[in-house]
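Me: I would like to learn how to read helix packing, domains, cores and chain contacts in a model. Please take them in turn.

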Amino acid sequence: MSYTAKYFPTEPTEPKVLTETIPGPNGQIGIKSLSEVYDTRCTYFLADYEKSIGNYIVDSDGNTLLDVYCQVASIPLGYNNPTLLKVAKSDDMARVMVNRAALGNFAGVDYEKSQRNLLKFAPKGQKYIWNALSGADANELAFKAVFFNYQSKKRGFSNGFTTEEEKSCMENQAPGNPELAVLSFNKAFHGRLFASGSVTRSKPVHKMDMPSFKWPKAEFPSYKYPLDENKDFNDSEDVRCLEIVENFFKTWHCPIACIIVEPIQSEGGDNHASRTFFQGLRDLTLKYGAKLIIDEVQTGCGGTGLMWDHERYELSPPADLVTFSKKMQSAGYFFHDEELVPNMPYRQFNTWCGDQRLMMLSAAICQEIQDEDLLKSISTTGDYLFGELEKLQAKYPTYLAKLRGKGKACFIAFDMPSGTIRDSFLKKMKLAGVNMGGCAELGVRLRPTLTFEVKHAKVLIDAMSKVLSTL
Amino acid sequence: MSTIAEKYYPSEPEKPVIKTAIPGPVSQEMLKQLSGVYDTKASYYVADYYNSIGNYICDADGNMLLDAYCQIASIALGYNNPEILKTTKSDQMSVALANRPALACFPSTDYYKILEEGLLAVAPKGFTRVLTAHTGSDANEMAFKAAFIWQATKKRGDASFTAEELSSVMDNKLPGTSDMVILSFDKGFHGRLFGSLSTTRSKAIHKLDIPAFNWPKAPYPALKYPLEEHEAENRAEEQRCLDAFETIVSQWPGKIAATIIEPVQSEGGDNHASPFFFQGLRDLTTKHGILYIIDEVQTGGGASGKMWLHEHYGISPDIVTFSKKMQNAGFYFKDKEIEGAMPFRQFNTWCGDPSKALIARTICQEIMNNDLLDNTSKVGAYLYSKLEDIQKSYPKLVSNLRGKDRGHFISWTMPNASIRDKFLFICRQNGLNIGACGDESVRLRPTLTFGVKHTDILIDIVSKALSQL
């Protein structure tokens, strides 16, 4: 019996669209009320989460849509998953919510268990975890860990600060606040706060008008598809991009303390790269005394058929830090070098230092993925889906191009000829019963749950075929 | 008549129960184990939240401490509050936890009601809109982003982005990126991410080794106590700081987008200023077209006897940020233009967390329904008068008692950090969990259900500890 048949017996077998527009009349009224107190300009529809089930999201008009966008890639096991509901209703959950602890100061008696339950699912080679509240937060805390480490290497791990450092940092000046850089890649997305915003290079609208750090932007490989027909070009693309990175290490006006990179650039258009490229980054960071941060915020937690997508590259030695959020529900970073914990307390610190309720959900999600073999089933679905999409691409070569994500479960994307056509396609897909998301200027990305099965893939392909024939 | 603590917590202990040194043997062993997977250098002891109740925190050794620190000022109503427990066990909560939405894209059908009945029901006067965030740092940085977008939009007018802006911004270069700044205050604390940390000026340990923006810092008044004996001097000090603020504004080479200030600087030492100073800042920011952000992360949520401490000053800022006791973070604003002219600029995956908005709603309703602000004002006045007596008895150890008429948002200064730390240690051993702030201060951050009987116990332990110094 499939996972959804077993755990979502009432999941619909097909979408149901009742209104001529989405949002329908109820949705429009609800959005209008909400807009009195909250910015709703990004709102697609109001969701009725009580009624949503499995891979189907229900809106306030009763429309039931197959969801392959899933809260911007952040629903791991489907709506109202019984295992997560059970955790949510547990006494332990109530206790951590009603008494939210300042975990750095007053961890509770059950906190070690929460830490260890999560660490069971750490990427290969990682031993520790530091918890955060969002992907941007996780990435910035990872930067802080790297900067603390970089400076402590210079002064000796256990050595204290100079008076000049202590004084100058209160003025936001060196040497207390040194000029150090994080290298990121063209089209990367790592969040929208000020340091994470500085390494994000996806779209101007993500960055415009924000003060930013003068940090270098290298190039991410831009491959030709299909991959097996363009091997030579793509290999030389890796070489070119690695040379650019090395050149930055040699010439940037200040030290580059780390590189941050997504295993698949997601917001930036689902751009993939090869093992050669990632191992090349690993080698360069070692050569130049920098750390390598892998940002698994969108790719992590099983969506690509591996728990952590970068594990497929078998980096040697392992990455220094791996950040996560989204499907994990909690956020933070994994690491293995003890010296990434600062030498003194209250340096990597804040009031809550994470949220145990989210850590408990995280651990339950990972455990369920393991117990129910969901990486295997999502990979099977992905292989089927990719095959069907190849057929659609062959049938509609003017509309579908650069189909990518083969062998990476349902972490699949393709490009359309223009932003306008893509946006109209996504709109029509909603009315055809599928909630679907874009990425970058031309891309469409599939981000279903790990409980997405061949039967769901068939519904998706049917709807796509119908809509493509009307474009 | 029963007190609110008696109503909520019939089984709350009458007084602290001390069985071991703190941390005791069980805590020590657990911390040792925990340190294998977690940085415990800042841990005081391991707490047993199952057995904590009301104003008492229980530790792993079964010690029950009266808590006047409350998870760094973030427990509003006490441990295991029955009303919050009800909320955590509701179906609405389990649905919120099991289906966490991307709130800006797919808000839940009930989100409007949750905000309206909760966070917005206690919004500062005139504030009608809210943006939800994840932490205090996040809330402050989102407020900065709002300020940068708002200022740039004003400058740009109806024009769309230029080709040069669109390309330069991708390289973190002008004109697409911004050289505008946020002006903060000496000793201010606004969080520890890169933008918020650039405005934090509390302690070197918060800032060392982290790249920072070259943003300006204004002086914050250093008032003399008791206030009523130093009125003229303090007024002059506040005027000096206002003048210095205006000098920075007129001399800074770039545009100052916003200023951020706490109504009482908390981490930085519980530094207060008067309505005159805060109104002066309002006047100067209006005059120079600067947004006025009040950071109520630590001061908000009722501990001052008003929901928002800045309401004591009668001022009207542009943005008010919150977190901690509210359990949900974010900021309030009045002017829709703060949202910027385009969608997806102030945006992230989750934009908050409905499970926290639900808890915030319960906290807000409990505060309103049980007159907890009034309770806090009364208990705070009693506590302050008792501490005045203590200050008289121990003039060498206790000075600059501050927080009069600010509920129990009270603090005092001790001669130096080592005496202060020893004092806190002795208090803990005697059953009072209490916290520090600034270089040599002690801050009280109890819950809103802290009553007269808790005050008497606190005063007893404080006196005892002082007598042992």
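Reply: Axes are lines fitted to C-alpha atoms, for helices over the stretch in contact, and angles run from 0 to 180 degrees between N-to-C directions. Helices (H or I, at least four residues) and strands (E, at least two) are DSSP runs, numbered from the N terminus. This is a predicted model, in which local features need pLDDT of at least 70 and side-chain atom pairs count only at pLDDT 80 or more, while totals for chains, interfaces and linings use all residues. Residues are numbered from 1 along each chain as its sequence is written, and chains are lettered from A and ligands numbered from 1 in the order in which they are written.

Me: At what angle do helix α5 and helix α13 of chain B pack?

Reply: Helix α5 (residues 91-98) and helix α13 (residues 354-369) of chain B meet at about 150 degrees, and their axes are 8 Å apart. Angles under 35 degrees count as roughly parallel, over 145 as roughly antiparallel, 65 to 115 as roughly perpendicular and the rest as oblique. Therefore α5(B) is roughly antiparallel to α13(B).

Me: Which residues make the contact of α5(B) with α13(B)?

Reply: Two residues are in contact if their C-beta atoms, placed from the backbone, lie within 7 Å. Here α5(B) supplies B:Gln92, B:Met93, B:Ala96 and B:Leu97, and α13(B) supplies B:Pro354, B:Ser355 and B:Leu358.

Me: How are the domains of chain B laid out?

Reply: Domain bounds come from an automatic or database domain assignment. For chain B it gives domain 1 as 4-80 + 371-467 and domain 2 as 101-352. The C-alpha centres of these two domains of chain B are 29 Å apart. Their contact takes 24 residues from domain 1 of chain B and 21 residues from domain 2 of chain B. On the domain 1 side, α14(B) gives the most, with five residues.

Me: What is the largest nonpolar core?

Reply: A nonpolar core is a set of buried Ala, Val, Leu, Ile, Met, Phe, Trp, Tyr and Cys residues joined through C-beta atoms within 7 Å; buried means that 20 or more other C-beta atoms lie within 10 Å of a residue's own. The largest has 291 residues, and A:Leu321 and B:Phe331 have the most contacts inside it. Helix α7 (residues 136-156) of chain B gives the most to this core, with 10 residues.

Me: How many residues of chain A are in contact with chain B?

Reply: 100 residues of chain A are in contact with 102 residues of chain B. Helix α8 (residues 135-155) of chain A gives the largest share of the chain A side, eight residues.

Terms used
A residue is buried if 20 or more other C-beta atoms lie within 10 Å of its own, exposed if 12 or fewer, and partly exposed in between; C-beta atoms are placed from the backbone.
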